[in-house]
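Here's a quick briefing to read alongside the model. Have the sequence and the 3D view open as you go.

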Amino acid sequence: MPELSYREAVRDALSQAMRRDDDVFILGEDIAEMGGSMGVTMGMLDEFGAERVRNTPISEMAIVGASIGAAMQGMRPVVEVMYEDFLTLAMEQIVNQAAKHRSMSGGQVTVPLTVRTQGGAGWSPGAQHAQQVEAWFVHVPGLKVVFPSTPTDVRGLLWSSIYDDNPVVFFEHRTLYGIKEEVPDELEPIPLGQARVHREGEDVTVVATGRLVHEALAAARTAEEEEGISVEVVDPRALLPLDEPAIVESVKKTSRCVVAHEAVTRMGFGAEVAALVQHQAFDFLDAPIERVGARFAPIPFAPVMEEYVVPHEAEVLDAIRRTVSRDGA
């Protein structure tokens, strides 16, 4: 099995789709010669040419708008929005256009558009380049929202997103680009809406997304080694559609739940997971649901303050300890 980084896995999925299908093309700011802000598409211009690896003006609305038109004509564009903060500049196109055309046409028009975007803290980019805004898009009927945490998952989920006939907003956390793991020789598509249990456990379920999957796994190891607490870590992978049965069944098994993400806690995706667990697994809960997220503040530029605002292993571990201790265990 070859070893790929998260960055290489994204590039591999894009390249394989473009070799297979001439209708797939990529576009975005500086994605050709520069390979995008994170170097994800580096080298693709040489293989596929400027018609299919298209640099664009600095206008997110224009980039997404043109891609919607191409998708409605049967192509499968993959947009790169340089930072997810800049999705705000294309909200009209994503929310009112891409998400609505299939429903408003009675299914006669599809919009097979994938909007890739990078975000997250961990490298001191400041308040306008480090937000996590996935919860905004989970609130929009007609969209699908994906947030992979590993090279294997990002490759398989990106492929499935490209070949989905609905618009997909595809989040990548920039601090994950360097992580590596062995991946199957053959690209294996992963269905959107299928969660992954990264670690089996008996005492508490941690539902985590993006970078916090890795923080949760570290916290789970510490909890087991130091206190004998058995932690199950569930990664939804797709936030919309959400694999509700996987989350609920895990909580029914462990009777406790922690939800962790890097976005601010208030009105975050974790609130929806907490509501789901409360509604469908209330009788199985032995302790209140714990939520872990960023403090309600713009992301600071100073590294020490950035570290203070966003959650890490320690915050997840504290939440695990609280929910276990509350029932006297």
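Predicted model: local features only at pLDDT ≥ 70, side-chain atom pairs only at ≥ 80, totals over all residues.

**Helices α1 and α7**
- Start with α1 (residues 6–20) and α7 (residues 151–162): their axes come within 8 Å and cross at roughly 30 degrees.
- Angles under 35 degrees count as roughly parallel, so α1 and α7 are roughly parallel to each other.
- The crossing of α1 past α7 is right-handed.
- On the α1 side, the contact uses Tyr6, Ala9, Val10, Asp12, Ala13, Leu14, Gln16, Ala17 and Arg20.
- On the α7 side, you'll find Pro151, Val154, Arg155, Leu158, Trp159 and Ile162.
- Sorted by class, the residues of this α1–α7 contact come out as 11 nonpolar, 1 polar and 3 charged.

**Helices α3 and α4**
- The axes of α3 (residues 60–72) and α4 (residues 91–98) also come within 8 Å, crossing at roughly 25 degrees.
- That angle makes α3 roughly parallel to α4.
- Here Met61, Val64, Gly65 and Ile68 of α3 meet Glu92, Gln93, Ile94, Gln97 and Ala98 of α4.
- The α3–α4 contact has 5 nonpolar, 3 polar and 1 charged residues.

**His312**
- Look for His312 in the loop between α11 (303–309) and α12 (313–325).
- His312 counts as buried because its relative accessibility is 17%, and the cut-off for buried is under 20%.
- Setting aside neighbours within four places in sequence, His312 touches Arg211, Glu215 and Glu307.
- With Glu307, the His312 side chain makes a side-chain polar contact of 3.3 Å.

Terms used: Residues numbered from 1 in each chain as written. Heavy atoms only, no water. Axes fitted to C-alpha atoms, helices over the stretch in contact; angles between N-to-C directions. Helix = DSSP H or I, 4+ residues; strand = E, 2+ residues; numbered from the N terminus. Parallel < 35°, antiparallel > 145°, perpendicular 65-115°, else oblique. Left-handed = near helix turned anticlockwise from the far one by under 90°. Contact = heavy atoms within 4.5 Å. Nonpolar A, V, L, I, M, F, W, Y, C, P; charged D, E, K, R; others polar. Buried < 20%, exposed > 50% of the residue type's maximum accessible area, 1.4 Å probe, protein only. Polar contact = N/O pair within 3.5 Å; in protein donor to acceptor, adjacent residues only side chain to side chain.
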